[in-house]
Amino acid sequence: MAKQRTSRAQFSSKFGLIAAAAGSAIGLGNIWKFPYITGVYGGAAFLFVYLGFILAIGLPVMLSELIIGRKSRRNAFGAFKKLAPGTPWKYIGSFGVAAAFLILSFYGVVAGWSIKYIFFSLDKTFHSLSPQDISGSFASFIQDPLQPLLFQIIFMLLTGAIVIIGVQKGIERYSKILMPILLVIIIVLDIRAITLPGAGEGLKFLFHPDFSRLSFEGVLSALGHAFFSLSLGMGTLITYGSYVKKDTNLVSTAIQVTAADTLVAILAGIAIFPAVFAFNIQPDKGVGLIFETLPNVFQQMPGGMVFSILFFILLTIAALTSAISILEVVVAYFAEELKMKRNVATVLATALITLLGIICSLSMGIFSDVILFKRNVFDLLDHISANILLPIGGMFIALFIGWKFGKKKVVQEIAEGGSLKGGILNVFMILVKVVAPIAIFIVFLQGLKILDLFTAS
Ligand code: PHE
């Protein structure tokens, strides 16, 4: 055991850690979900609430996860077993591993669509389709029994391949390469979008506060999305935290990762809305915005084909660096708790998650009449993980740090590579002890309402 601990993987540098953690945070959540929900829930008004939650809840929970990970040097489940032996706290970790399993299965499906759209973008005829035909080709693609599986499997193989190489040579190295590419692509897309004639409307839509459109539901969605977007609540950052060197400053790491995630979400909004508005296309919802609405925008835009290719490469990269972090949660658990070799753990985890993903994908097509709790498998997994498992996980992680781990150990762990002084430390403790758990509990209730499991429609 002792031997295993000394040979445990580590991120080699602060930049490597930031690239990996920001890579996890920046994903499909930033590029399609954030711009869409920001628009729906009142633009800048929603944005301010979201930023408030990111600061008051996201940031402290992220720091909590990093502390738990680095202190224990264990996977999400083992971390609680080690820090609170013989107590039920370890079940928070099981929730996390289960959430990772479910999230990656449907995440891999959407990421597969993204790869397919790189190919669509390369095809000249795709750029001359009518809006109906674009929607039609999206619908027939996702309902096809084979095509989406092919791309999902390609994506999952890429994810597994990076994870199997290891934490430093795989996850860290590829994040260090891919994240700067992502940043360059999104900036290029932003420049294209804001230089379009009529772009101002889109920017107004995104940044002009209209508090009358901000509903209670919008406030709750802002909190839920803060969790999903920062990869919190299922032990991703416990797992990554367990690979962080003792002298790394956890406070500045959490701040930088949070800032990067928020920045990219805003940059994605700037890339999408000015273009959507410049061409007089109504912002649609969710998945449709990216796969049905945007191709119309690219069609009308000078240089649209190139920007379309770039956009879907961006989306694929963002999804990939998130997917590796989700897979790592499961792999670290299999390797450490079930004592599997890392290679075996990776192959097994990738295979099982891909299988569940296949069912998810088929639930759009040939299995679409399999309805559980009024949803197809894809929607059900999305809702259970994002609206139930992540909020519960986040709430207990905050409670764990606030009430069980305690201020003294927090100070000790943080002090290894920096410090959190007087007033700010107390604010942090209040946030994790009281504010975050209560706020998350409210979101959780909301999640149940959205899920609508028990009431007939
Ligand atoms: N944060 C990722 C995104 O925005 C998704 C994710 C959720 C990754 C939970 C890891 C854990 O797409």
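Tutor: Leaving aside neighbours within four places in sequence, Ile164 is in contact (heavy atoms within 4.5 Å) with Arg342, Asn343, Thr346 and Val347. This is a predicted model, in which local features need pLDDT of at least 70, side-chain atom pairs count only at pLDDT 80 or more, and totals for chains, interfaces and linings use all residues. Residues are numbered from 1 along each chain as its sequence is written, and side-chain values use heavy atoms, with hydrogens and water left out.

Student: How many residues apart in sequence are Ile164 and Val344?

Tutor: Ile164 and Val344 are 180 residues apart in sequence, while their C-alpha atoms are 8.9 Å apart in space. Ile164 itself has its place in helix H8, residues 147-165, a helix being a DSSP run (H or I, at least four residues) numbered from the N terminus.

Student: Is Thr316 buried or exposed?

Tutor: Buried means under 20% relative accessible area, exposed over 50%, and partly exposed in between (1.4 Å probe, protein chains only). Thr316 counts as buried because its relative accessibility is 11%, whereas Ile164, at 32%, counts as partly exposed. Thr316 lies in helix H15, residues 304-337, and, not counting residues up to four places away in sequence, touches Ser114, Ile115, Ile118 and Phe155.

Student: Where is Lys82?

Tutor: Lys82 lies in helix H5, residues 76-83, and is partly exposed, with a relative accessible area of 35%.

Key:
Helix = DSSP H or I, 4+ residues; strand = E, 2+ residues; numbered from the N terminus.
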